[in-house]
Amino acid sequence: MKPTSGRVFVGGKEIGKDTDFADNIGIIIETPGFLSSYSGYKNLDYLASIKNMIGKKEIKESMERVGLDPGSKKKVGKYSLGMRQRLGIAQAIMENPDILILDESMNGLDNQGVEDVREILLKYKG
C-alpha cells in the first residue's frame, strides 16, 4: 500500500524511494503463520535459511529465550495459541534485529507468558 502523505525513514533511507523495505527488522503482525506440519525449530530453521544470517545456535537460543524447547518434535499445528505467539516472537528476535515491530504480541499468552515477553522486550530496549 502506498502512503497518501508523509514519508518514512529508517536508517537514513526513505522507504518506497531509497528502499522498498528496511533492513534488519523483526516483525510479528497479529497471529504469525507457520508450517503446521513442522516443529517450531524446523519452522525457524527454514525461515533463517532465507537470509542465512544465523545458525542453529541462535535459533535454539531464541526459542529458549521465549520459553520453548528447541528439541521438541511437537508440530506447530498442535501448538496452543500462546505457544505460536512465543514462536512468532522467537522468529522476530532470532536474527538480532535493530528494530522490532510487534502487533498484538501478547495475544494468547497467559500471565507468565506476558511477564516473560515483557522481560525479553526490556532487554532489547535501547
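**Entry 1: a pair in helix 2**

I started with Lys 57, which counts as exposed at 56% relative accessibility. I noted the cut-offs: buried is under 20% relative accessible area, exposed is over 50%, and partly exposed is in between, with a 1.4 Å probe and protein chains only.

Before going on I wrote down that this is a predicted model, in which local features need pLDDT of at least 70 and side-chain atom pairs count only at pLDDT 80 or more, while totals for chains, interfaces and linings use all residues. Residues are numbered from 1 along each chain as its sequence is written, and side-chain values use heavy atoms, with hydrogens and water left out.

Which residue does Lys 57 form a salt bridge with? I found Glu 61, with the closest N and O atoms 3.6 Å apart. A salt bridge here is a side-chain nitrogen of Lys or Arg within 4 Å of a carboxyl oxygen of Asp or Glu. Lys 57 and Glu 61 are four residues apart in helix 2 (residues 56-65), which means that about one helical turn separates them. Helices (H or I, at least four residues) and strands (E, at least two) are DSSP runs, numbered from the N terminus. Glu 61 has 31% relative accessibility and counts as partly exposed.

**Entry 2: other salt bridges**

I took down the count, which is four salt bridges by this rule. I looked up some of the others.

Asp 116 pairs with Arg 86, and their closest N and O atoms are 3.3 Å apart. Asp 116 lies in helix 4 (residues 111-124) and Arg 86 in helix 3 (residues 81-93), so this pair ties together parts that are 30 residues apart in sequence. Is Arg 86 buried or exposed? At 13% relative accessibility, Arg 86 counts as buried. Asp 116, at 23%, counts as partly exposed.

Arg 118 forms a salt bridge with Glu 115, and here the closest N and O atoms are 3.8 Å apart. Both residues are in helix 4, three residues apart, which puts about one helical turn between them. Arg 118 is partly exposed, with a relative accessible area of 46%, and Glu 115 is also partly exposed, at 35%.

**Entry 3: helix 2 against helix 3**

I moved on to how the helices pack. The axes of helix 2 and helix 3 come within 8 Å and cross at roughly 135 degrees. That makes helix 2 oblique to helix 3. Axes are lines fitted to C-alpha atoms, for helices over the stretch in contact, and angles run from 0 to 180 degrees between N-to-C directions. Angles under 35 degrees count as roughly parallel, over 145 as roughly antiparallel, 65 to 115 as roughly perpendicular, and the rest as oblique.

The crossing of helix 2 and helix 3 is right-handed. A crossing is left-handed if the near helix is turned anticlockwise from the far one by less than a right angle, and right-handed if clockwise.

From helix 2, Ser 62, Met 63 and Arg 65 meet Leu 87, Ala 90 and Ile 93 of helix 3. I sorted the residues of this contact into four nonpolar, one polar and one charged. Contact means heavy atoms within 4.5 Å. Ala, Val, Leu, Ile, Met, Phe, Trp, Tyr, Cys and Pro count as nonpolar, Asp, Glu, Lys and Arg as charged, and the others, Gly among them, as polar.

**Entry 4: helix 1 against helix 2**

Helix 1 (residues 40-51) packs on helix 2 at an angle of about 130 degrees, and their axes are 10 Å apart. The two are therefore oblique to each other. Helix 1 passes helix 2 in a right-handed crossing.

I listed who meets whom: Gly 40, Tyr 41, Leu 44, Asp 45 and Ala 48 of helix 1 meet Lys 56, Ile 59, Lys 60, Ser 62 and Met 63 of helix 2. By class, this contact has five nonpolar, two polar and three charged residues.

**Entry 5: helix 1 against helix 3**

The angle between helix 1 and helix 3 is about 30 degrees, with the axes 11 Å apart. Helix 1 and helix 3 are therefore roughly parallel to each other. Their crossing is right-handed. Gly 40, Leu 44 and Leu 47 of helix 1 make the contact with Leu 87, Ala 90 and Gln 91 of helix 3. These residues divide into four nonpolar, two polar and no charged.

**Entry 6: Gln 85**

I finished in helix 3, at Gln 85. Gln 85 is buried, with a relative accessible area of 0%. Leaving aside neighbours within four places in sequence, I found Gln 85 in contact with several residues, including Ile 28, Pro 32, Met 106 and Leu 109.
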